[in-house]
Amino acid sequence: MPPHSIGSSTLSFGLVSIPVRMFTAASSGGVSFNQLHEKCGGRIKQQIHCPACNEVVDRSALVKGYEFAKDQYVRFTDDELKRLEAEASPTIDILEFVPLEQVDPIYFEKSYYLGPDKGGDKAYRLLCDAMNQASRVALAKYVMRGKESLVLIRASQGGLMLHAMYFADEIRDFGEIDKGKDATIKPGELALAQKLIEELSNPDFKPDQYHDEYRGRVLAVVESKVEGKEITTGAPQVARTQVIDLMEALKQSLESRAASDDSTSKAKKPAAKAKRAAAPVKESKRAAR
């Protein structure tokens with residue numbers, strides 16, 4: 001099934017306007033459940049309850065309120081909020097170009113693919129190739145659903161991607177979090193930790209080797225239940241014990257890695273011997289002919 005465009009826009013690059021179409025780049029694959037009444041299996045419907053009046057409230061009787069102090073609200077009508085929204089504009093206005101490595105991934109919120117719309121192929125290709133050669137990404141402003149958004153546009157996989165971003169004041173201060181600066185790290189511990197990192201390191205990121213195993217287990221049980229099969233569950237996982245001796249834990253981790261590598265190499269050797277042993281049999285068959 002071909003991807004479905006969620007909207008059209010214009011990417012503004014200086015005096016160049018590039019008509020583009022936007023596509024959702026990713027969607028969550030998590031498993032979701034509905035709340036059912038255990039007695040009859042019917043799906044539960046949630047009601048809106050006002051504790052002050054002690055009554056169920058219809059949605060038509062609701063208004064929006066902004067809490068400016070504890071339990072104190074400023075009310076807004078839908079028309080007031082509509083007037084406050086940014087002016088609808090189909091333009092993604094590029095403001096500046098920066099190196100991608102200067103942008104912390106914490107700012108990324110959601111990703112989209114951009115494809116050229118009718119008449120925009122050449123300009124789209126030009127911007128994509130120019131950004132690739134310059135090793136730069138673009139920062140732009142874009143109005144999405146009435147809200148002004150900061151976005152980053154980058155050349156990737158032969159095309160352009162758009163990442164909706166958080167504004168700086170939406171990012172929480174990491175300085176408020178304790179980072180264990182008072183802990184004392186011994187040189188030997190650091191050396192073992194670096195060695196373990198090297199053992200677990202790979203030159204390439206291969207996302208297709210990772211899978212949501214929980215989702216797979218849930219969907220397998222769903223299929224079994226639909227087919228009326230008996231369900232058996234495995235034993236609960238044993239909780240890991242708290243690390244007391246950090247040096248010993250690092251040593252055991254490296255030893256288990258070495259043991260795993262040895263078992264893998266031993267498993268490959270018998271197969272190789274069997275392959276070599278098969279060769280004389282073929283020769284003897286030829287001689288018999």
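Analyst: The side chains of D129 and R125 are joined by a salt bridge, with an N to O distance of 3.1 Å. The model is a predicted one, in which local features need pLDDT of at least 70 and side-chain atom pairs pLDDT 80 or more, while totals for chains, interfaces and linings use all residues. Residues are numbered from 1 along each chain as its sequence is written, and side-chain values use heavy atoms, with hydrogens and water left out.

User: Why is the contact of D129 and R125 called a salt bridge?

Analyst: The term requires a side-chain nitrogen of Lys or Arg within 4 Å of a carboxyl oxygen of Asp or Glu. The N to O distance for D129 and R125 is 3.1 Å, so the pair meets the criterion.

User: What separates D129 and R125 along helix α2?

Analyst: They are separated by about one helical turn, because they lie four residues apart in that helix. Helices here are DSSP runs of H or I with at least four residues, strands are runs of E with at least two, and both are numbered from the N terminus.

User: How many salt bridges does the structure hold?

Analyst: It holds three. One of them pairs K64 with D78, whose closest N and O atoms are 3.4 Å apart. This pair links distant parts of the chain, 14 residues apart: K64 belongs to strand β5 (residues 64–69) and D78 to helix α1 (residues 78–84). Another joins K141 to E148, with closest N and O atoms 3.8 Å apart.

User: What makes D78 exposed, and which class does K64 receive?

Analyst: D78 has a relative accessible area of 55%, so it is exposed. K64 stands at 47% and therefore counts as partly exposed.

User: Why are K141 and E148 called partly exposed?

Analyst: K141 is so called because its relative accessibility is 29%, and E148 because its relative accessible area is 41%.

User: What is noted about phi of N54, and why is N54 called exposed?

Analyst: Phi of N54 is near 55°, a positive value in a residue other than glycine. N54 sits in the loop between β3 (49–50) and β4 (55–56), and its relative accessibility of 60% is why it counts as exposed.

Terms used: Buried means under 20% relative accessible area, exposed over 50%, partly exposed in between (1.4 Å probe, protein chains only).
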